[in-house]
Every structure is written in C-alpha cells, then in structure tokens.
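Please take the sequence and the 3D structure below together.

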Amino acid sequence: MASDETSKEVVDNDTEEEEAKAKPTAKPPAAKGNGNGSSGTSDGTKWLVIVVALVVGVVLGVLGARLGGSAASAGRLSDVASERGLTGDQAEAALETFVAPGKYDDYFLFASGGHSGQIHVIGVPSMRLLKTLPVFTSEAWSGYGFGSDLSEKVLQEGSNPEKSNQLGWGDAHHPALSEKNGDYDGRFIYINDRANGRLGMVDLRDWKAKQIIDIPNSQTSHGGVFVTPNTEYAHISSMTPRPNTPSGYADLNEYKDKFRGVSSFVKINQESGKGEWDKSFQIELPPYTQDLADAGKKVSHGYAFINSYNTEMATGGNMEGKPPLEVGAIQNDFDFMHVINWEKAAQVVEQGKFENVNGARMIRLDTAIKEGLLHFVPEPRNPHGVDVSPDGSYITVSGKLDPHTSVYSMDKIKKAIENKTYDGTDQFGVPILKLDEVREAYVELGAGPLHTQYDADGNAYTSLFVESAIAKWTLGPNAGVSGDKAWKLVDKIPVQYNIGHLVTPEGDTVSPDGKYVVALNKWSIDRYPDVGTLHPQNFQLIDTTGSKMKLLADMPIGFGEPHYVQIIKRDKIKDALRVYSPGTDPLTMQASSVATKPGQERVERNGKDVDVYMVAMRSNFKPDVVRVKKGDHVRLHVTNIETAQDATHGFAIPGYDKQVSLDPGEVITVEFDANRAGTFGFYCTEFCSALHLEMQGWLLVEP
Amino acid sequence: MTRAGARNVAAIDEINDEEVAEVELESDESLATSADELATIEEPDTDDDDRDQDVGKVRRQFSLPARITSGVIAAIFVVIAYGMPIWVTKLRAPQYPAGLELSAYGNRVAGDVFEVDTLNHYIGMRPFRFDEVPEAKLWPVAIILALAAIAVSTIAGRGWLGRLSRLYLWLMPVGVLLNVQYRLYDYGHHLDPGAALRLKPFTPLVIGPTKVWNFTAWSMPGTALIVIFAAGAVLTFGPRLVDLVIGKLRGATETGERAVAESG
C-alpha cells in the first residue's frame, strides 16, 4: 500500500533529523577540548567525537529500526566515510557544514561578484549559492537590463552621459550592509563599482537593485563602500585621481596640479535606502591613490579611515622614459592613512563652507585642512587593508610589502590631533601625525598581509596574500587581551591559494560572531577538475573555534571574482518578502499606478503612443494578441496578478531583445519603439504551470 | 422536605469525595443527613415545580437566575458566532507546503480564494462568486432567530415551547452544513467541459477529506457553527448546572453555619 510506504518515509526522515540534531550536541565538548588541549591531543579528541557520534548513531539506528525504518547505524556511518575515502577530520567537517534538505543555513554571505557586476548570496556553513543579484551588469533570468522599467531606470540613471557611455557593466568590489548602532540591520546593501566609481544599492525587501549613483568628480572607486554606524551615509572614495578640468582631460605631467581624489559621503534615505545626492557631500583629497576605507565606530565614531598609496604621484609611462607604476609608486617608505572627521565635515557643509562642483557639495582641500577635517597618519609603504576593531579603538593597517601589520590607537590619534603633535605636513599642507605617537602595535604576521577581520574574543584574522595563509593574532587591552598575550600571532592556516579578502561572521561590526572565517582565494589552481582555462575562484570555510584553525569546505566561485564579502545572521534580514502585495511597483515598493486588475485589461492608443494594460496569470496573458503599427511607441504594463509565492512568470518578446521577470504581485512596464514589423510570438519564459507552454501570445507590428 | 433541605440535596449531589470526607470530619450528623438525602435525590420535589404535561412526569422548573445566566451566556455565544467562519476547508498539495485555506463567513469567503479559483479553472470549476449564494443573506436572520429562540427558552424554561426553541439551536448548524454540502455538489457537478483536466462530476465533502488530482481538501464546520452548537448545549444543560451550583453554595454556607453554631 502506498500509504504504508509514506508512513515509513516519514519515520525515516524523523530519525535522520534527530541524528542531525544529535551530532551538533555531541560536538561542543570536542570543540572545547580542542580549545583547551594541545594540538597533540586534538586528533584524539576528534576521534572521540566520532565515537560519540557513532554511539548516538547506533542508538538512533536501533530506534529507527524498531520504528520500521532503515535508519543509518554506527557501522553504516563509518562505512560511508571509508567508502568515500574520508578521514576522520573530513567526516567531521562534513557533519559541521551539512545543512539537511529543506533546512536553512545560519548565515547569509553577500559576496561581491567583481567584474561580473553582481552580488552573490551564499549560505553558511553549507556554502551553497542561493542567488545572484545583478547590480551593475545585465542579467537575463531576473530580467535585469532587458527591458523592465525598474532595471532600465536603475541602469540609465547610473550612467552619466557627460562622463561616460551608457555603462553595461561594473566591477563590484565591497558590499556594505546597512547598520544600526554599528551592527547590521539587514535592510539594504550597498556596493561600489571599482571601474566607474559608482554606488549601487540593493533593497533587501525584494533583493533587487534599486539605485546606482554616478559619483561626480570621480572616475574609479576602491574606498568603501562602508556605511556610517547608523547608515547616515554610505561612503565611497575615488581610487585613480581624476583631472578636475571641465572636460575631464588633463595631461599626466599636470598630475599634481590638476588631478584630485575625492571622498564622497552619500546621504541615505532611511525609508527607501536610496542615496540622496543633494544632501550628500564630498571632500577633496590630494592626488594620491586612495585605497580601502572603513568607518570608525564606538570610540572612533564620527571618523573615517582611508588608506592611500602612490604618494609619489607616479603616473607610469614606461614607453615614455618613466618607470612603470609598480616601481614608481613604491619609492616612499611611508604612505598616508587619511583620517577624516566626517561628523565635523557634515557640520562644515551645513555652515556653507563648500563649493558646488559638477552638482556636488565639495569641501575643498584647503577648507578641509583649515577646519581640521583631514589628518594623515604614516603607514608602511603600499598599504592595503584598513579595518577598525569591534570596539572602534584599534585601526589595523597591513602593507603588502611589509610582513608586519600596524595597529593604530584611536585614543592616541585623537590626542595627537588635539595636541597638534605633527610631523610637518605633506606637500598639499595636510598635517601628518607622528607615527610613534599614534601606532599602538606592530605585529609580525607573515608575507603580504592584506585584510583583517575580528571575532568576539579579542582575536584578529589577517589574510596573507603572498604566503597564501590566514594569520590569527590577538589584539590588545581594549579588546580584553592583556599582558603577554596581547599582540601575538597565535595560529596560521594555509589556504589554496592567494587569498585576497577574508571574512568572519559580522566581523566588521561592533559585535562579531566568530566561529568561522572564510578565505576568499584568487587562485584555485588544482582544487577543481579541469573546467577550461578560466579557473573558478576558491572560497574556503574555516572553523576558528579550536586552538588550531581547521578547513571545513571549499566552494568554487565560477561566476565572478569576489573581493570583499560580508556575513550576516539569517534572521537579521527581517523584512524580506516572499511575495509582493498585489500590484507592487518594485521601484517604489508602493502600489503601481499602472497595475491592472482582472477585468481591467485594455489597450489605450494616443496618437503613436500605445499603452497596453496586460495581466499575467496561470496560464495566459490577457490580452494575448497585441496589435500595433510600425513606428508606434509601445508601453506594455504587465501585472502578474498571482498571489502564491513562486508563481513567477516571464515575459519575452523575440526580435526585440526583451525579457523580464514578473514575480507574483509585481508590475513591470516594457517600453520600446515598434521599429521592426513582423508578427512576434511573445511567451512566458518561466515554467509556471502545467499549461506553461500555452502561455504565449502575439505581438503584431503591422508594416 | 424544607426548601433548605431541597437545596442541600442539590448541593450534596455535586459534592465530590474529598468534600464528603471533609464534611465527615466536621460532623457525623451532617454526613448521615447527606446520605439520607442522597438516596432521595431523584424523587419529585413538590415544593416548587412545574408539571411537564408531555412527559407526564412532575419536573421542577429551573430557577429564574439559572435560566437567565444560561440564556445570557448562550446569547453571547451566538452574537460572537455571527462574525466567525461558518465553514472551513484546508487544501494540501505537494507544492503548497503551508497549504491553502478557505473560510466561508456570512458575508464573504476569506483565505486563498484567488489561488483556489486559479487552480479550479484547470478542472473547469467556476470561480467562486459570493452573490451566487443568495441564501447567505439569511445568515443574520438565522442569528436573530437564534437569539429569539434563546429568549423564548429563557422565559419558557421547561416545556414544549422551551424545548422547541432549544431544538432550533441544535438543528440550525446542521441545516447550514447541509446547505454548504448542496453548494459543493453544485460546484462539483457543473464543470466546464473545455477545461484542461477533464474530471467526472464529483461532490466535495462538507466534512472530511476530498481528493482532487494532486490536492486533498479537508473540510470542517467553522467555529461559528461549533459555537452555536455550544450555545445550544448551554441553553439545554446550563440551567440545571447553575441550579446545582447555587444549591451547593447555599448548602455549604448553611452547613458551615450549623457547624459554627454547634461548636459554639
């Protein structure tokens, strides 16, 4: 009988679930044991865990058998491990990262997609790709950039015709989740376009990009995005300095005079999450190459930190008798960390001490110096990461060419600024704080340290690019580590290979979670089978709970080159919708003015303008025949009137390069000139129902 | 037997073993009295009674407070029921892990109506239109009648008029369910022959499971009908219960007074 089989399956599932629950409860003692014991005993402890797990397995297995199932038994578990050639560590890692079918991960990882222009959402600890969110680059599945009014508006407004051609891609580097009191609040996520100096915003209600802002007076961007602790501003700073001439042109021999960097604080609307440019401001910076940036928090609240390199202002020109940039830009012993008082800067702007430059309220460099908004701190040459500790009192800066990491004290920086203990100024007049007065620690970590993240126990984790490793080290007294234990390298784990950024759960907030670190490796080399000459990147999930860090899982990233990523607890994203309320315009998240209800379907013609009010539901479009004339301007307002989650439809018109996704409840307008005569069979691109294949219609464009 | 004695009977009828034990500790005499009275409990009381002509037995009319208390509670139930769902069906299918639900009220159908209509069009069942169920307009009438029946029952108490009014409360929910069943039959037997899935005409059950294609619909009376049923129960059994409680309270007080008097 079928019903008997069903009941058996139910029993099996229950038993497996119990096992899945039982294993993690068996785990913590082992983790604790690892933490306390030496590395010599840790293997033994791990095996103890396995034995305990197997005993639990036997108990549950017997129970399962009694209940009439074929539940796994101890023998079976170890058989599986040996059949698959897994060591004890690997079997344990599998159990630590396994998320049972239908269960959810604990964390979302938001990975920048690099030059794919997207954001990738990955579950932790399972390391499964959940979704790709297009921001700067078109993506056809979600209909982004193929005719939907939402994406057309976002992409078009994100491209300034005075500065660039219509941009079809971006280089997504550093995501920043919105924050409240320095902690992620799960409402919005911002990301910069390294290539074109733009700021993108994704709304975490429907997980769609809602805005791209082209930042005036800047061309490229690497600094940020970070948000200030209450998302008052999203900060983005320029990377390559840009000529401040009207045409945007200047010769490279005018570099020092005409090129400038810029730090932009984009005011965020707390309701929509969008940037409001008229309330934003910029600070003009010397033409160094401003690099990574971070916001101060708690002790350092109100401050921002931006690394810079190429204070030599080299321009390259290796065929013009000059050294290449890689030589020219590393001559000085020190570059400058920019310390910006943004709270004070906002007040200076309110006082009207700015100039309007290409639509931006810009605080000129001399004003910034005069008002005490900008100070420099020497940092070992060619720095990269700048990362503020959870309590905001330490700022960790790593230099690619220095095996040490430098930790600056915010208290000391404040004191030095107050007492004006300067070591002169740079050639633009920016005061330089004395290195010895502000540097708290100088810790040797290994070759090529880049970026740093934190946990809840006073540890810092720094990626070592050249060494292909992660260094775990201790912070100082302000992070609860005192005496001999402070500022010490405590562990190191090799990663495969060439790690760039790294991330710990909520590791850049005021309250990191610890538990894991994810290595974001640039090269995978031999980690995966041959899949062509362009290799995937490699994410590695590492357990940090023991005295020794332990590799848990590899994840191939064959869809972009992530730079920075952030990890947020799943339940912190509270406003995520599973379905739109009927008739929603995703751009505003309000009821759409062109939403169509059943019975209101119609075609309105006004001269050459044709508005079609169309409804999509399983399994037809209404109207399913649309007649226009060549030369008409057509607006198809399509409302998916479905209310069931996942009852998504697509709408594609062959020949016109149109494809949009119509999520349940969503209203999308597809606008185009009917410049090509013909009879086109439009159809639903999403397999929506048993009669999906019948969900098609005709667009007749009469010659 | 005196009035007080009669009340004592009622009170002791409700006393549980523990209380009996307590009484025993207090006074042997009291226990003896109780035992005697317990033996005579079913005997007719001629002191205050009405005669039930139909049954031909002498039955005691319930006290006015008892009837009013029960009537008020029943009336509150019926008033609450007015805004509650009359009939509920829950649909399960593999791709609806949370299920779908329809709740029929006196003036609307709530829940996943749109989704169920969308699915029903595949089997050619016409979408639900509330104005196609004209008898729904009778719901307020049925409720007013129920309140009237409660009033009659409260005034008449025992007797054929009272019984008839109570019967209405018992039967009204049944009648409503029968009507829903008729409508379900009607929907299930007028399927569009041009529909994607060609099903034989069928009758969804008003109570219980009905399997259609990948769906199983579990139907049940709504809380309105259950509450009206409860109102019927309160009206029928409430007065007797209230009288028992009143008697017990008075009896207990008197027993206590007697005990105090004796010890004094």
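How many residues does the contact take from chain B and from chain A? Chain B gives eight residues and chain A gives nine, where contact means heavy atoms within 4.5 Å. This is a predicted model, in which local features need pLDDT of at least 70 and side-chain atom pairs count only at pLDDT 80 or more, while totals for chains, interfaces and linings use all residues. Residues are numbered from 1 along each chain as its sequence is written, chains are lettered from A and ligands numbered from 1 in the order in which they are written, and side-chain values use heavy atoms, with hydrogens and water left out.

The size of an interface is often given as the accessible area lost when the parts come together. Between chain B and chain A, about 670 Å² is buried, and carbon and sulfur atoms give 61% of this area; buried area is the accessible area (1.4 Å probe) that two parts lose on being put together, summed over both. Phe114(B), Glu115(B) and Tyr122(B) supply 66% of what chain B buries against chain A, more than any other three residues.

Side chains of opposite charge can pair when their charged atoms come close. The count between chain B and chain A is one salt bridge, meaning a side-chain nitrogen of Lys or Arg within 4 Å of a carboxyl oxygen of Asp or Glu. Glu115(B) and Arg618(A) form this salt bridge, at 2.6 Å from N to O. On the side of chain B that touches chain A, helix α5 (residues 113–123) gives the most, with six residues. Helices (H or I, at least four residues) and strands (E, at least two) are DSSP runs, numbered from the N terminus.

Chain B as a whole has eight helices and seven strands. Of its 264 residues, 39% are buried, with buried meaning under 20% relative accessible area, exposed over 50%, and partly exposed in between (1.4 Å probe, protein chains only).

Over all chains the count comes to 35 salt bridges. One of them joins Asp105(A) and Arg128(A), at 3.5 Å from N to O. Asp105(A) lies in the loop between α4 (88–97) and β1 (107–112) of chain A and Arg128(A) in strand β3 (residues 128–134), so the pair ties together parts that are 23 residues apart in sequence. Asp105(A) is buried, at 5% relative accessible area, whereas Arg128(A) is partly exposed, at 34%.

In chain B, Glu135(B) and Arg183(B) meet in a salt bridge of 2.8 Å, N to O. Glu135(B) is in the loop between α5 and α6 (139–156) and Arg183(B) in helix α7 (residues 160–188), 48 residues apart.
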